[in-house]
Amino acid sequence: MRTKTLYRRDGERIGISRFPNFHKSGSIAGMKRLYYGKNALLVRCGRWIYNVSSELEIYYNIAH
């Protein structure tokens, strides 16, 4: 499963904590299958993985 990475300072700047998240040790495949849907856009920031599907700009323009 593919996720992009977001620097902590960028995450704080855009308010990443407002998005649904789970710990990096969790199963990406399981979270997509059970909660987010197979097309969810996930970004890792620090020790958490966030579902940023509602704001495409974060996934496509800010994260790498």
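Q: How many helices and strands does the protein chain have?
A: This is a predicted model, where local features need pLDDT of at least 70, side-chain atom pairs count only at pLDDT 80 or more, and totals for chains, interfaces and linings use all residues. Residues are numbered from 1 along each chain as its sequence is written, and side-chain values use heavy atoms, leaving out hydrogens and water. Helices (H or I, at least four residues) and strands (E, at least two) are DSSP runs, numbered from the N terminus. From that end the elements of the protein chain run β-α-β-α-β-β-α, and the count is 3 helices and 4 strands.

Q: What radius of gyration does the protein chain have?
A: The C-alpha atoms of the protein chain fill a box of roughly 30 × 20 × 20 Å along the principal axes. The radius of gyration is taken over C-alpha atoms, and the globule rule is 2.2 Å times the number of residues to the power 0.38. For 64 residues a compact globule would have a value near 11 Å, and the protein chain agrees with its 11 Å.

Q: Which residues does isoleucine 58 contact, leaving aside neighbours within four places in sequence?
A: Isoleucine 58 belongs to the largest nonpolar core. Contact means heavy atoms within 4.5 Å. By that rule, its partners are Leu6, Ile14, Phe19, Val52 and Ala63.

Q: How many residues apart in sequence are the parts tied together by phenylalanine 22 and tyrosine 36?
A: Aromatic rings of Phe, Tyr and Trp (its six-membered ring) pair if their centres lie within 6.5 Å; planes under 30 degrees apart count as stacked, over 60 as edge-to-face and the rest as tilted. With centres 6.1 Å apart and planes at 35°, this pair is therefore tilted. Phenylalanine 22 lies in strand β2 (residues 21-23) and tyrosine 36 in helix α2 (residues 28-36), so the pair ties together parts separated by 14 residues.

Q: What is the angle between the planes of tyrosine 59 and tyrosine 60?
A: Tyrosine 59 is buried at 9% relative accessible area, while tyrosine 60 counts as exposed at 52%. Their rings form an edge-to-face pair, 5.1 Å centre to centre, with the planes at 85°.

Q: Which residue has its charged end over the ring of tyrosine 59?
A: A charge sits over a ring if NZ of Lys or CZ of Arg is within 6 Å of the ring centre and within 35 degrees of the ring normal. At tyrosine 59, the charged end lies 4.7 Å from the ring centre and belongs to lysine 4.

Q: Which side chain does a polar contact join to that of asparagine 51?
A: Asparagine 51 lies in strand β4 (residues 48-51) and is buried, with a relative accessible area of 11%. A polar contact is a pair of N or O atoms within 3.5 Å; within protein, one must be able to donate a hydrogen and the other to accept it, and residues adjacent in sequence count only if both atoms are side-chain atoms. Here the contact spans 2.7 Å, and the partner is serine 53.

Methods:
Buried means under 20% relative accessible area, exposed over 50%, partly exposed in between (1.4 Å probe, protein chains only). A nonpolar core is a set of buried Ala, Val, Leu, Ile, Met, Phe, Trp, Tyr and Cys residues joined through side-chain atoms within 4.5 Å.
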